[in-house]
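Work through the exercises below with the structure open. Try each task before you read its solution.

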Amino acid sequence: MGKLFVVGIGPGGPDGMTIAARCALEAADIVVGYTKYVELALAAVPDAAHLATPMMHEVERCRLALSRAQSGEAVALVCSGDAGVYGMASPVLELAEDYPDVDVEVIAGATAAQSGSAVLGAPLAHDFAVVSLSDLLTPWEVIERRLAAVASADFCICLYNPRSRKRADRLSRAAKIMLEWKAPDTLCGWVRNIGREGQQSGMCRLSELGEFDADMFTTVFVGNADTKRIGGRMVTPRGYREIPCER
């Protein structure tokens with residue numbers, strides 16, 4: 001029986017990978033994935049055999065990995081962040097029934113919500129929701145309903161895929177929806193190129209978010225009514241009534 005590891009490699013470099021992810025990469029006969037993610041994985045296993053495919057070929061990529069595994073190879077299909085959060089675990093498992101001789105193992109990784117939150121401080125320390133603004137696979141009307149639902153409940157919100165050249169207005173439209181439920185001075189944060197060369201981060205108010213020049217490598221964080229700036233960090237209080245003082 002062949003083996004297919006679906007590996008979330010974390011935010012970027014090898015230092016952001018879990019030990020389990022690195023072990024899976026080392027155990028694989030070949031690493032398969034989108035070109036950029038294969039490049040990031042090879043930083044941990046530079047001598048590994050690899051096969052890269054362009055973006056927008058996700059199903060083809062999954063079938064390729066499953067086919068190689070069914071032929072008897074140990075395959076690592078890599079994706080950034082966590083394999084189960086907007087990653088390849090779902091389509092692989094949907095297709096796996098067609099490849100009964102493949103043992104699929106999903107390897108967790110740190111998704112952008114976690115790694116970006118750590119850069120900013122602790123913006124997701126209380127209940128939060130993650131919403132992708134990409135309407136390639138989800139109708140925009142559905143995204144709007146989800147944004148309104150989580151904003152009206154005052155969740156902290158992490159936004160993936162906030163803007164692209166074809167969808168330049170998505171972040172401003174999302175901000176407008178959230179402003180119907182959240183105060184204009186709600187603290188927001190952003191991180192670009194999380195864990196990679198050129199990492200940048202910053203904070204703004206929700207009233208300013210719609211004009212922020214985000215891109216597909218940016219993750220956006222919107223606080224709840226209690227989120228505040230503490231010592232230059234974005235912090236959402238967990239809700240403890242009493243925090244002991246150091247003596």
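**Exercise 1.** In what sense do S9 and strand S11 (residues 218-222) pair, and over how many bridges?

*Solution.* The model is predicted: local features need pLDDT of at least 70, side-chain atom pairs count only at pLDDT 80 or more, and totals for chains, interfaces and linings use all residues. Residues are numbered from 1 along each chain as its sequence is written, and side-chain values use heavy atoms, with hydrogens and water left out.

Step 1. Strands (E, at least two residues) and helices (H or I, at least four) are DSSP runs, numbered from the N terminus. Two strands pair if DSSP finds at least two bridges between them.

Step 2. Read the pairing. S9 and S11 are antiparallel, with five bridges. Val 191 has Thr 219 as its bridge partner in S11.

Step 3. Look at another partner. Strand S10 (residues 200-205) is joined to S9 by six bridges, also antiparallel.

**Exercise 2.** Work out how many residues of strand S9 (residues 187-192) are buried, and which way they point.

*Solution.* Step 1. Apply the cut-offs: buried is under 20% relative accessible area, exposed over 50%, partly exposed in between (1.4 Å probe, protein chains only).

Step 1. Count. Six of the six residues are buried, so S9 is largely enclosed by the rest of the structure.

Step 2. Sort by direction. Leu 187, Gly 189 and Val 191 point one way. Cys 188, Trp 190 and Arg 192 point the other way. In a regular strand, side chains alternate between the two faces of the sheet.

**Exercise 3.** Find the buried residues of helix H3 (residues 58-70) and say what they pack against.

*Solution.* Step 1. List them: Arg 61, Cys 62, Ala 65, Leu 66 and Ala 69. They cover an arc of only 130° around the axis (taken from the directions from the axis to the C-beta atoms), which puts them on the same side of H3.

Step 1. Find the neighbours, with contact meaning heavy atoms within 4.5 Å. Among them are strand S1 (2-8), strand S4 (74-79) and helix H4 (89-95).

Step 2. Look past the helix end. Gly 72 follows H3 and has a positive phi, near 115°.

**Exercise 4.** Identify the ring whose face lies under Arg 170.

*Solution.* Step 1. Set the rule: NZ of Lys or CZ of Arg must be within 6 Å of the ring centre and within 35 degrees of the ring normal.

Step 1. Apply it. The ring belongs to Trp 140, and Arg 170 is 4.6 Å from its centre.
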